[in-house]
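I opened this model to look up its confidence, its sheets and its aromatic contacts. My notebook entries are below.

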Amino acid sequence: MLLLQRCLMPFLALSLIACEQQPEFTQAEPGEHLSAGAATVRKFDQNAFSLPSANLAPSRRLDFAVGNSFFRNPWVTAPATTTARDGLGPLFNTNACQNCHIKDGRGHPPGPDAVSATSMLVRLSIPAGPEHAEVLIQHGVVAEPTYGTQMQDMANPGVAPEGKVRVTYSSVPVRFADGTVVELRKPELVISQLGYGDMHPDTRFSARIAPPMIGLGLLEAIAEEDILAGADPDDADGDGISGRPNMVWDRAQQRSVLGRFGWKAGQPNLNQQNAEAFANDMGLTSSLILTTIAPRRKQIAWPRPMAANRKSATTSSPACCSTVVIWACRHGVTSTRLTCSRARACSTRPVARSATLPVSPRRPMPPSRNWPTN
């Protein structure tokens, strides 16, 4: 009997090891109910994504509230009485971040009868050639010559939008191995009512749904060397997965760095990701992005004529992105024609004290457009 026990012990040990390797899902593991550790938010309703981390210090919650207000509140056309929320357009996709990232969550494709593709945008590009090597380093794609890298289907009053974006669906039957048949919807992108002429015949389109906002700070905190350590471009380990880092242009550092934000890791950090979103999605420039990302040759006429009077600008007035005329929207300075490639709003670069700029009277607020509410 003792000999039998000694003979069976190795097999019993192997059996115990095998049992230990099979996870039991009948009970939660220690800490499993806190998916984000101490940062876990104990909220399960539709506002759960909109809350700060549970372990955020009280002194930092004020910063969160300020940032959240910029994310939630709508921007308006300049000039306006709301000097901290003006400068929208003249071309844009929406007038508030949360209109796309709904309650800080993901967006959705437009339905067949939708008025606009609010939480979905369309990227544009054309095939790259040898002459585009420098453009690819800094921008990743070659912009469509007329409409740039992004279709903007909304515009300020008096300005033509770039076009209308629609999605139509057709049913496609799919049969599973057991004979079950289901119907899936096949989307088809439709762009109509182009406002500035035809597109390049080889234009490529990429529809993008707004992603959720949670966890982006944690992604930025991961060390670059840790991400690069997981790269396996030639599938050397034979697991069938070839991980390739995407190197993108960092505007602040003026060099290529690791990309990690956006659907295709096209932005290097949250600062540039936010600046690009403000510029592309809402037409708001910044000190990081003074002009458009891609060249554009449209002439966008402002709906009202320039006033005859003139006004001297002070050093506190911002100069703006126009390459021909100055567009200082937040300080009442406008022009009859915006001739920069994207005609963006104000930047933070000061103008000389002696500069004299044309002025037009303040315009009334644009009419309500029934924007999506929170």
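**Entry 1: ground rules.** I am working with a predicted model, where local features need pLDDT of at least 70, side-chain atom pairs count only at pLDDT 80 or more, and totals for chains, interfaces and linings use all residues. Residues are numbered from 1 along each chain as its sequence is written, and side-chain values use heavy atoms, with hydrogens and water left out.

**Entry 2: confidence.** I checked pLDDT, the predictor's confidence in each residue, from 0 to 100. The protein averages 76, and 71% of the residues score at least 70. Residues 1-19 stay under 50. Where pLDDT is low, the predicted coordinates should not be read in detail.

**Entry 3: inventory.** I count 7 helices and 15 strands. Both are DSSP runs numbered from the N terminus: helices are H or I with at least four residues, strands E with at least two.

Entry 4: I looked at β5 (residues 164-175) and β6 (residues 181-192), which pair in the antiparallel sense over 12 bridges. Pairing here requires that DSSP finds at least two bridges between the strands. T168 has E188 in β6 as its bridge partner. The two strands form a hairpin with 5 residues between them. In the turn, G179 has a positive phi of about 95°. I also noted R185, whose charged end sits over the ring of Y169, 3.8 Å from its centre. The criterion is NZ of Lys or CZ of Arg within 6 Å of the ring centre and within 35 degrees of the ring normal.

**Entry 5: an open sheet.** Which strands form the open sheet, and in what order? There are 3 strands, ordered β3-β2-β7, with antiparallel pairing. β3 (150-151) and β7 (204-209) are at the edges with a single partner strand each, so one side of each has no neighbour in the sheet. Strand β2 (residues 120-125) is joined to β7 by 6 bridges. V122 stands opposite A207 in β7.

**Entry 6: aromatic pairs.** I found 3 aromatic pairs. Rings of Phe, Tyr and Trp (its six-membered ring) pair if their centres lie within 6.5 Å; planes under 30 degrees apart are stacked, over 60 edge-to-face, the rest tilted. F70 and W75 are tilted, at 6.0 Å centre to centre and 40° between the planes. W75 and F278 are edge-to-face, at 5.7 Å and 80°. W75 lies in the loop between α2 (58-72) and β1 (91-92), and F278 in helix α7 (residues 270-282), so the pair ties together parts 203 residues apart in sequence. F70, W75 and F278 form one aromatic cluster.

**Entry 7: cover on the cluster.** Is W75 buried or exposed? W75 is buried, at 9% relative accessibility. Buried means under 20% relative accessible area, exposed over 50%, partly exposed in between (1.4 Å probe, protein chains only). F278 is partly exposed at 24%, and so is F70 at 35%. The charged end of R85 sits over the ring of F70, 4.1 Å from its centre.

**Entry 8: totals.** Of the 374 residues, 36% count as buried. Of the contacts with a separation of 6 or more, 62% are between residues 24 or more positions apart.

Technical notes: Contact means heavy atoms within 4.5 Å.
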